Amino acid sequence: MEIFVNDAPVSCEEGATVSEVLAQEGITPVNIAVAVNESVVPKSQWEATKLTAGARLLVIKAVQGG
């Protein structure tokens, strides 16, 4: 199925979870926040959150600075 990660089309297996897609795309799950279809998903729910075709993931990396 096709989903979108930061607006880029990505192919993944039907019913893939947030954790699986992050691993597939080589995104290190450290200091990031993830939203699915504009709703923030707590890190504790990434393994349980299954995606559907057309889902839109927004991955935001936290950075330090002043």
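**Exercise 1. Determine in which sense strand 1 and strand 5 pair, and over how many bridges.**

Solution. Strand 1 and strand 5 are parallel and share 2 bridges; strands count as paired if DSSP finds at least two bridges between them. Helices (H or I, at least four residues) and strands (E, at least two) are DSSP runs numbered from the N terminus. Within this pairing, V5 has L57 of strand 5 as its bridge partner.

The model is predicted: local features need pLDDT of at least 70, side-chain atom pairs count only at pLDDT 80 or more, and totals for chains, interfaces and linings use all residues. Residues are numbered from 1 along each chain as its sequence is written, and side-chain values use heavy atoms, with hydrogens and water left out.

**Exercise 2. State the strand order of the open sheet and identify its edge strands.**

Solution. Step one: the 5 strands follow the order 2-1-5-3-4, with mixed pairing. Step two: strand 2 (8-11) and strand 4 (39-41) each pair on one side only, and are the edge strands. Step three: strand 1 and strand 2 are antiparallel, with 4 bridges, and I3 stands opposite V10 in strand 2. Step four: strand 3 (residues 32-36) runs antiparallel to strand 4, joined by 3 bridges, and V34 faces V41 there.

**Exercise 3. Identify the residues with the most contacts inside the largest nonpolar core, and the elements that give two or more residues to this core.**

Solution. A nonpolar core is a set of buried Ala, Val, Leu, Ile, Met, Phe, Trp, Tyr and Cys residues joined through side-chain atoms within 4.5 Å. Buried means under 20% relative accessible area, exposed over 50%, and partly exposed in between (1.4 Å probe, protein chains only). The largest core has 17 residues, and I3, V21, V34, L51 and L57 have the most contacts inside it. Strand 1 (2-5), helix 1 (18-24), strand 3 and strand 5 (56-61) each give two or more residues. Leaving aside residues up to four places away in sequence, V21 touches I3, V5, C12, A16, L51 and L57, where contact means heavy atoms within 4.5 Å.

**Exercise 4. Locate D7 and N37, and classify their exposure.**

Solution. D7 lies in the loop between strand 1 and strand 2. Although D7 is not a glycine, its phi is positive, about 70 degrees; D7 is exposed, at 62% relative accessible area. N37 belongs to the loop between strand 3 and strand 4. N37, also a residue other than glycine, has a positive phi near 50 degrees and is partly exposed, at 43%.
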